[in-house]
Amino acid sequence: MAHLTGESKRQYVAGMFARIAERYDLMNDLMTAGLHRRWKRETARLASYGLQGKALDVATGTGDLVLALARCPGIEQSVGVDLLPQMIAAARKKAKCRRMGGKATWVLGDALQLPFPEGTFACATAGFSLRNMTDLHGALAEMVRVVRPGGRITTLELSPMPRGPKSVLIRWCFHRVVPLMGQIVAGDRAAYTYLPQSVDRFLDADHLASLLRGLGLTGVGYSRLGFGTVTLHWGDRPSN
(Lines give C-alpha, C1' and ligand atoms only; values in the text may rest on other atoms or scores of the structure.)
Protein backbone atom coordinates (compact mmCIF):
# COMPACT_ATOMS: atom_id res chain seq x y z
CA MET A 1 0.00 0.00 0.00
CA ALA A 2 3.04 2.30 0.08
CA HIS A 3 2.38 3.07 -3.60
CA LEU A 4 -0.82 4.96 -2.76
CA THR A 5 -0.96 8.72 -3.27
CA GLY A 6 -3.29 11.61 -2.49
CA GLU A 7 -6.54 11.01 -0.65
CA SER A 8 -6.24 7.23 -0.97
CA LYS A 9 -2.95 7.32 0.92
CA ARG A 10 -4.35 9.70 3.50
CA GLN A 11 -7.28 7.43 4.26
CA TYR A 12 -5.17 4.27 4.33
CA VAL A 13 -2.52 5.74 6.64
CA ALA A 14 -5.14 7.23 8.98
CA GLY A 15 -6.95 3.92 9.27
CA MET A 16 -3.70 2.03 9.80
CA PHE A 17 -2.47 4.24 12.64
CA ALA A 18 -5.90 4.25 14.27
CA ARG A 19 -5.73 0.44 14.37
CA ILE A 20 -2.26 0.21 15.89
CA ALA A 21 -2.43 3.19 18.30
CA GLU A 22 -2.61 1.01 21.42
CA ARG A 23 0.49 -1.03 20.49
CA TYR A 24 2.39 1.75 18.73
CA ASP A 25 4.84 2.48 21.55
CA LEU A 26 5.48 -1.18 22.28
CA MET A 27 6.26 -1.91 18.64
CA ASN A 28 8.62 1.07 18.45
CA ASP A 29 10.45 -0.17 21.54
CA LEU A 30 10.79 -3.66 20.09
CA MET A 31 11.85 -2.57 16.60
CA THR A 32 14.55 -0.16 17.86
CA ALA A 33 15.47 -1.83 21.17
CA GLY A 34 14.21 1.35 22.81
CA LEU A 35 16.66 3.58 20.92
CA HIS A 36 13.87 5.66 19.37
CA ARG A 37 13.42 7.37 22.72
CA ARG A 38 17.05 8.55 22.76
CA TRP A 39 16.79 9.69 19.13
CA LYS A 40 13.72 11.74 19.97
CA ARG A 41 15.44 13.38 22.95
CA GLU A 42 18.35 14.27 20.68
CA THR A 43 15.93 15.70 18.10
CA ALA A 44 14.23 17.83 20.75
CA ARG A 45 17.54 19.14 22.13
CA LEU A 46 18.76 20.09 18.68
CA ALA A 47 15.45 21.72 17.73
CA SER A 48 15.31 23.90 20.83
CA TYR A 49 18.99 24.65 21.42
CA GLY A 50 19.52 28.35 22.07
CA LEU A 51 15.86 29.20 21.49
CA GLN A 52 13.02 30.39 23.71
CA GLY A 53 9.27 30.16 23.23
CA LYS A 54 6.79 27.57 22.10
CA ALA A 55 7.65 24.31 20.33
CA LEU A 56 5.56 22.28 17.89
CA ASP A 57 5.62 18.59 16.97
CA VAL A 58 3.79 17.70 13.75
CA ALA A 59 1.95 14.37 13.39
CA THR A 60 2.94 13.76 16.98
CA GLY A 61 1.51 10.25 17.39
CA THR A 62 1.67 9.25 21.05
CA GLY A 63 3.52 12.42 21.98
CA ASP A 64 7.10 11.39 22.78
CA LEU A 65 8.62 14.38 21.01
CA VAL A 66 6.17 16.79 22.61
CA LEU A 67 7.21 15.58 26.06
CA ALA A 68 10.90 15.69 25.12
CA LEU A 69 10.52 19.26 23.88
CA ALA A 70 8.66 20.26 27.04
CA ARG A 71 11.71 19.25 29.10
CA CYS A 72 14.13 21.39 27.09
CA PRO A 73 15.46 24.68 28.51
CA GLY A 74 13.79 27.71 26.98
CA ILE A 75 10.64 25.91 25.88
CA GLU A 76 7.65 27.55 27.52
CA GLN A 77 4.95 25.36 25.97
CA SER A 78 5.11 22.27 23.79
CA VAL A 79 2.27 21.57 21.35
CA GLY A 80 1.56 18.37 19.44
CA VAL A 81 -0.76 18.21 16.44
CA ASP A 82 -2.13 15.00 14.98
CA LEU A 83 -4.92 14.00 12.65
CA LEU A 84 -6.10 11.05 14.77
CA PRO A 85 -8.12 11.27 18.00
CA GLN A 86 -6.74 7.85 19.00
CA MET A 87 -3.18 9.13 18.97
CA ILE A 88 -4.09 12.34 20.78
CA ALA A 89 -5.84 10.33 23.48
CA ALA A 90 -2.76 8.13 23.95
CA ALA A 91 -0.50 11.20 24.12
CA ARG A 92 -2.66 12.93 26.73
CA LYS A 93 -2.73 9.77 28.85
CA LYS A 94 1.05 9.53 28.70
CA ALA A 95 1.47 13.18 29.69
CA LYS A 96 -0.91 12.74 32.62
CA CYS A 97 0.99 9.69 33.84
CA ARG A 98 4.23 11.68 33.72
CA ARG A 99 2.61 14.75 35.33
CA MET A 100 3.44 16.96 32.37
CA GLY A 101 -0.05 17.98 31.34
CA GLY A 102 0.55 21.64 32.20
CA LYS A 103 3.43 22.20 29.80
CA ALA A 104 2.37 19.87 26.98
CA THR A 105 -0.83 20.28 24.97
CA TRP A 106 -2.35 18.58 21.93
CA VAL A 107 -4.47 19.76 19.03
CA LEU A 108 -6.34 17.79 16.39
CA GLY A 109 -5.19 19.04 13.03
CA ASP A 110 -3.80 18.33 9.58
CA ALA A 111 -0.07 18.69 8.90
CA LEU A 112 -0.92 20.22 5.51
CA GLN A 113 -3.07 22.93 7.11
CA LEU A 114 -1.60 23.62 10.52
CA PRO A 115 -4.09 25.59 12.67
CA PHE A 116 -1.58 28.22 13.80
CA PRO A 117 -0.62 31.72 12.61
CA GLU A 118 2.69 32.32 10.88
CA GLY A 119 5.68 32.58 13.20
CA THR A 120 3.96 31.07 16.25
CA PHE A 121 6.76 28.71 17.30
CA ALA A 122 10.45 28.90 18.11
CA CYS A 123 10.97 25.45 16.63
CA ALA A 124 9.09 22.58 15.01
CA THR A 125 9.79 18.87 14.75
CA ALA A 126 8.44 15.87 12.87
CA GLY A 127 9.37 12.37 14.01
CA PHE A 128 8.86 9.32 11.78
CA SER A 129 5.92 10.96 10.06
CA LEU A 130 7.19 12.52 6.84
CA ARG A 131 6.95 9.24 4.90
CA ASN A 132 3.23 9.22 5.55
CA MET A 133 2.50 12.70 4.19
CA THR A 134 0.48 12.91 1.00
CA ASP A 135 2.33 16.13 0.15
CA LEU A 136 5.82 16.16 1.67
CA HIS A 137 6.73 19.58 0.29
CA GLY A 138 3.46 21.04 1.56
CA ALA A 139 3.92 19.58 5.04
CA LEU A 140 7.45 20.93 5.36
CA ALA A 141 6.35 24.31 4.00
CA GLU A 142 3.70 24.48 6.72
CA MET A 143 6.33 23.74 9.38
CA VAL A 144 8.49 26.56 8.01
CA ARG A 145 5.49 28.92 7.94
CA VAL A 146 4.58 28.49 11.60
CA VAL A 147 8.17 28.83 12.84
CA ARG A 148 9.32 32.39 13.46
CA PRO A 149 12.34 33.90 11.68
CA GLY A 150 15.46 32.64 13.42
CA GLY A 151 13.62 29.48 14.50
CA ARG A 152 14.52 25.90 13.64
CA ILE A 153 13.05 22.86 11.92
CA THR A 154 14.22 19.33 12.74
CA THR A 155 12.99 16.05 11.32
CA LEU A 156 13.68 12.47 12.39
CA GLU A 157 12.93 9.84 9.79
CA LEU A 158 13.74 6.38 8.50
CA SER A 159 15.80 6.73 5.34
CA PRO A 160 16.83 4.43 2.49
CA MET A 161 20.37 3.25 3.16
CA PRO A 162 23.24 3.40 0.65
CA ARG A 163 23.67 0.06 -1.09
CA GLY A 164 26.05 -2.40 0.56
CA PRO A 165 26.18 -5.56 2.73
CA LYS A 166 24.78 -3.73 5.76
CA SER A 167 21.81 -2.40 3.83
CA VAL A 168 21.03 -5.90 2.50
CA LEU A 169 20.83 -7.26 6.06
CA ILE A 170 18.80 -4.30 7.35
CA ARG A 171 16.34 -4.51 4.44
CA TRP A 172 15.89 -8.24 5.03
CA CYS A 173 15.00 -7.55 8.67
CA PHE A 174 12.64 -4.71 7.69
CA HIS A 175 10.82 -6.73 5.07
CA ARG A 176 10.76 -10.12 6.83
CA VAL A 177 11.07 -9.74 10.59
CA VAL A 178 9.15 -6.49 11.16
CA PRO A 179 5.91 -7.65 9.46
CA LEU A 180 6.01 -10.89 11.45
CA MET A 181 6.57 -8.93 14.66
CA GLY A 182 3.66 -6.68 13.74
CA GLN A 183 1.41 -9.68 13.25
CA ILE A 184 2.36 -11.25 16.59
CA VAL A 185 2.55 -8.14 18.80
CA ALA A 186 0.16 -5.67 17.19
CA GLY A 187 -2.10 -8.14 15.39
CA ASP A 188 -1.61 -6.15 12.19
CA ARG A 189 0.82 -7.55 9.64
CA ALA A 190 -0.39 -5.15 6.95
CA ALA A 191 0.60 -2.06 8.93
CA TYR A 192 4.12 -3.32 9.47
CA THR A 193 4.42 -4.44 5.88
CA TYR A 194 3.64 -0.87 4.86
CA LEU A 195 6.47 0.41 7.09
CA PRO A 196 9.46 -1.01 5.15
CA GLN A 197 7.76 -0.36 1.83
CA SER A 198 7.31 3.31 2.74
CA VAL A 199 11.01 3.58 3.60
CA ASP A 200 12.00 2.15 0.21
CA ARG A 201 9.91 4.83 -1.53
CA PHE A 202 11.05 7.77 0.60
CA LEU A 203 13.69 10.37 -0.26
CA ASP A 204 17.28 9.61 0.67
CA ALA A 205 19.01 11.91 3.13
CA ASP A 206 20.65 14.14 0.53
CA HIS A 207 17.42 14.72 -1.38
CA LEU A 208 15.53 15.60 1.80
CA ALA A 209 18.29 18.08 2.72
CA SER A 210 17.94 19.63 -0.74
CA LEU A 211 14.19 19.95 -0.23
CA LEU A 212 14.75 21.81 3.05
CA ARG A 213 17.18 24.18 1.34
CA GLY A 214 14.64 24.74 -1.42
CA LEU A 215 12.17 25.90 1.22
CA GLY A 216 14.60 28.63 2.21
CA LEU A 217 16.16 27.07 5.31
CA THR A 218 19.79 27.85 6.08
CA GLY A 219 22.44 25.81 7.88
CA VAL A 220 20.79 22.62 6.65
CA GLY A 221 22.51 19.41 7.66
CA TYR A 222 21.89 15.88 8.79
CA SER A 223 23.34 13.03 10.79
CA ARG A 224 22.68 9.31 10.54
CA LEU A 225 21.54 7.27 13.53
CA GLY A 226 20.57 3.66 14.12
CA PHE A 227 23.32 2.05 11.99
CA GLY A 228 22.38 4.40 9.16
CA THR A 229 18.68 3.53 9.06
CA VAL A 230 17.48 6.80 10.64
CA THR A 231 18.39 10.36 9.69
CA LEU A 232 18.09 13.53 11.76
CA HIS A 233 17.83 16.65 9.58
CA TRP A 234 17.90 20.30 10.66
CA GLY A 235 17.70 23.79 9.26
CA ASP A 236 16.95 27.35 10.38
CA ARG A 237 14.42 29.83 9.08
CA PRO A 238 16.39 32.95 8.10
CA SER A 239 16.06 35.95 10.39
CA ASN A 240 15.41 38.35 7.52
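User: Why is F121 called buried in this model?

Analyst: F121 has a relative accessible area of 1%. Buried means under 20% relative accessible area, exposed means over 50%, and partly exposed lies in between (1.4 Å probe, protein chains only). At 1%, F121 is therefore buried. Please keep in mind that this is a predicted model, in which local features need pLDDT of at least 70 and side-chain atom pairs count only at pLDDT 80 or more, while totals for chains, interfaces and linings use all residues. Residues are numbered from 1 along each chain as its sequence is written, and side-chain values use heavy atoms, with hydrogens and water left out.

User: How many aromatic pairs does the structure hold, and what makes F17 and Y24 one of them?

Analyst: There are 3 aromatic pairs in the structure. The rings of F17 and Y24 are 6.0 Å apart, centre to centre, with 70° between the planes. Rings of Phe, Tyr and Trp (its six-membered ring) pair if their centres lie within 6.5 Å; planes under 30 degrees apart count as stacked, over 60 as edge-to-face and the rest as tilted. So F17 and Y24 make an edge-to-face pair. Both F17 and Y24 are buried.

User: Which geometry do F116 and F121 have, and is F116 buried or exposed?

Analyst: F116 and F121 are edge-to-face as well, at 5.0 Å centre to centre and 90° between the planes. F116 has a relative accessibility of 14%, so F116 counts as buried.

User: How do you know whether W106 is buried or exposed, and what is W106 in contact with?

Analyst: W106 has a relative accessible area of 8%, which means it is buried. W106 sits in strand β3 (residues 104–108). Leaving aside neighbours within four places in sequence, its contacts include T60, V66, L67, I88 and R92.

User: Why is M161 called buried, although it lies in a loop?

Analyst: The loop between β5 and α7 (165–186) is where M161 lies. Its relative accessible area is 18%, so the buried label applies to M161. Beyond four places in sequence, M161 is in contact with K166, S167, I170, F227, G228 and T229.

User: Is R237 buried or exposed, and what does R237 touch?

Analyst: R237 counts as buried because its relative accessibility is 17%. R237 is placed in the segment after β7 (230–236). Residues up to four places away in sequence aside, R237 touches, including others, E118, V144, R148, P149 and L217.

User: What value does phi take in A33 and in A59, and how exposed is each?

Analyst: Phi of A33 is near 55°, a positive value in a residue other than glycine. A33 is in the loop between α2 (24–32) and α3 (35–48), and A33 counts as exposed at 70% relative accessibility. A59 also has a positive phi, of about 55°, although it is not a glycine. A59 lies in the loop between β1 and α4 (64–70), and at 25% relative accessibility A59 counts as partly exposed.

User: How do you know whether the radius of gyration agrees with a compact globule?

Analyst: The radius is taken over C-alpha atoms, and the globule rule is 2.2 Å times the number of residues to the power 0.38. For 240 residues that rule gives a value near 18 Å, and the protein has 17 Å, so the two agree. The C-alpha trace spans about 45 × 40 × 35 Å along its principal axes.

User: What share of the residues counts as buried, and what share of the contacts joins residues at least 24 apart?

Analyst: Of the 240 residues, 53% count as buried. Among contacts between residues at least 6 apart in sequence, 72% join residues at least 24 apart. The protein as a whole has 9 helices and 7 strands.

Key. Helix = DSSP H or I, 4+ residues; strand = E, 2+ residues; numbered from the N terminus. Contact = heavy atoms within 4.5 Å.
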